[in-house]
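Colleague: I would like to go through the pockets and a helix packing in this model. Please take them one at a time.

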Amino acid sequence: MKRLLSRGPLGNDVYVPKHGDPSYSVRHYDLELAVVLVTNALSGVAMLSCTALEDLDDLTLDLYRLRVSKLKLDGAPPAKFNHRGHHLVVRPQRTIPAGTEFTLEISYHGSPQPMPGPDGEAGWEELADGLIVASQPHGAPSWFPCNDRPDDKATYAFGITVPQGYTAIANGRAVATRRRGSTVRHEFAESSPMATYLATVQVGRYVPLKGEAAGVELTTWCPPGRKSAVAEAFADQPAMIEVFSRLFGPYPFQTYAAVVTDDELEIPLEAHSLSIFGSNLVDRDWSAQRLIAHELAHQWFGNSVTLRHWRDIWLHEGFACYAEWLWSEESGGRPAAAHAEEQWHRLAELKQDLVLSDPGPDDMFDDRLYKRGALTLHALRLRVGDEAFFELLRSWTDRYRHSGVTTDDFVELAQELAGVDGAEFFGPWLDETALPPLT
């Protein structure tokens, strides 16, 4: 059942073509950003600490629509750099040997726009009074120069200057806030490795609701006028963290934040140690609560344990969808088995043309993928029993904590720990289009 890695021309992944350069990796991003909301203007300085993975005569970064004013390689100008489309190509003065560490310093500015891709636009987006960044899967180049590959995880530091009266929020732990005349600078640091598409910045008129669960610092940011409604709608987040920590293993980061915008948003979205929700999800009903649980579950499945290749997206969405059913079961709602039975019958009535292990770029976020992925996990749970199933999930999040994975990694772990025959059990669920029976 070994699956070959597909690479696109000039890029790392045919699902998100022409993004990422596999010839080098980035260990750390230091981003200094200044935002002017009224004109949607961004100026930034990005310092990238990198390592050559092969001899480099040139290298490519991803940066969309923003203009580069200065670029230094190890503190000096390169022989040449060229910026066309979203490719920033840098040619060193001399070949950089494989294994060499080097730095890139890029000063840039402009008016950020969402980046188009096969599945639509993603990245930087203006709100009625602020902005959000939701980059999955290809939107990171809309706001900073990067090696846009999900398998190239790095640590991050952010310094974000915004107008007085606004709050900037980024991944990780808040380090400092400094006021400077009519502006305020917020510093954040993320010390655990993070994929580029999961990096984010949120700006708005927000106030914090503080909490703690399972040793995790928990903050829910919301507009002041929505404080009581958000507190009620998101009241179960601490219990969700406790439950998921028991079922999946310890929460993988130091902090968790939920940002609730004043705007309504089409969908919520996870980022690394942070999730983004529109005001339309400020509700206690199941349709909102399942999505709060879903985005939280991505901190384990997607953000700590991250796909190396976009065709393995079921490892994120199928697991997070199953976490919804588990939260329902654990919180006194419908058991996971009832959700599974309902969704199996629903999928059985739909077109049977989706291959879970390689759905194709057009179907990577199809709802059938989410539900079939969750059903695969429920069928596995029925096969091996609860004790072995949850031990497998905890081993998965522990063995691959802060790492990149493939579907084969999960199949092999299930074979190793639970004795599941990969071809016999996983083959029909992952590699065939027909929906297998649940038991």
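Colleague: How much space lies in the second largest pocket?

Modeller: This is a predicted model, and the second largest pocket holds about 160 Å³ of space. It is lined by 16 residues, with Gly 172, Phe 188, Glu 217, Thr 219 and Trp 221 closest to its centre.

Colleague: Which elements give two or more residues to that lining?

Modeller: Strand 12 (167-170), strand 13 (173-180), strand 16 (207-213), strand 17 (216-222) and strand 18 (255-260) do. By class, the lining of the second largest pocket has 9 nonpolar, 4 polar and 3 charged residues.

Colleague: What is the volume of the largest pocket, and which residues lie nearest its centre?

Modeller: Its volume is about 930 Å³. Of its 34 lining residues, Gln 136, Glu 266, Ile 267, Pro 268 and Leu 269 lie nearest the centre. Strand 9 gives the largest share of the lining, 6 residues. The lining of the largest pocket divides into 16 nonpolar, 5 polar and 13 charged residues.

Colleague: Which residues make the contact?

Modeller: Helix 4 uses Leu 315, Phe 319, Tyr 322 and Leu 326, and helix 7 uses Phe 389, Phe 390, Leu 393 and Trp 396. The contact has 8 nonpolar residues, with no polar and no charged ones.

Conventions: Residues numbered from 1 in each chain as written. Predicted model: local features only at pLDDT ≥ 70, side-chain atom pairs only at ≥ 80, totals over all residues. Heavy atoms only, no water. 1 Å grid on protein atoms, 1.4 Å probe; cavity = no way out; pocket = protein on both sides within 12 Å on 5 of 7 lines; lining within 4 Å. Points joined across faces, edges and corners; volume = space filled by probe spheres on them. Helix = DSSP H or I, 4+ residues; strand = E, 2+ residues; numbered from the N terminus. Nonpolar A, V, L, I, M, F, W, Y, C, P; charged D, E, K, R; others polar. Contact = heavy atoms within 4.5 Å.
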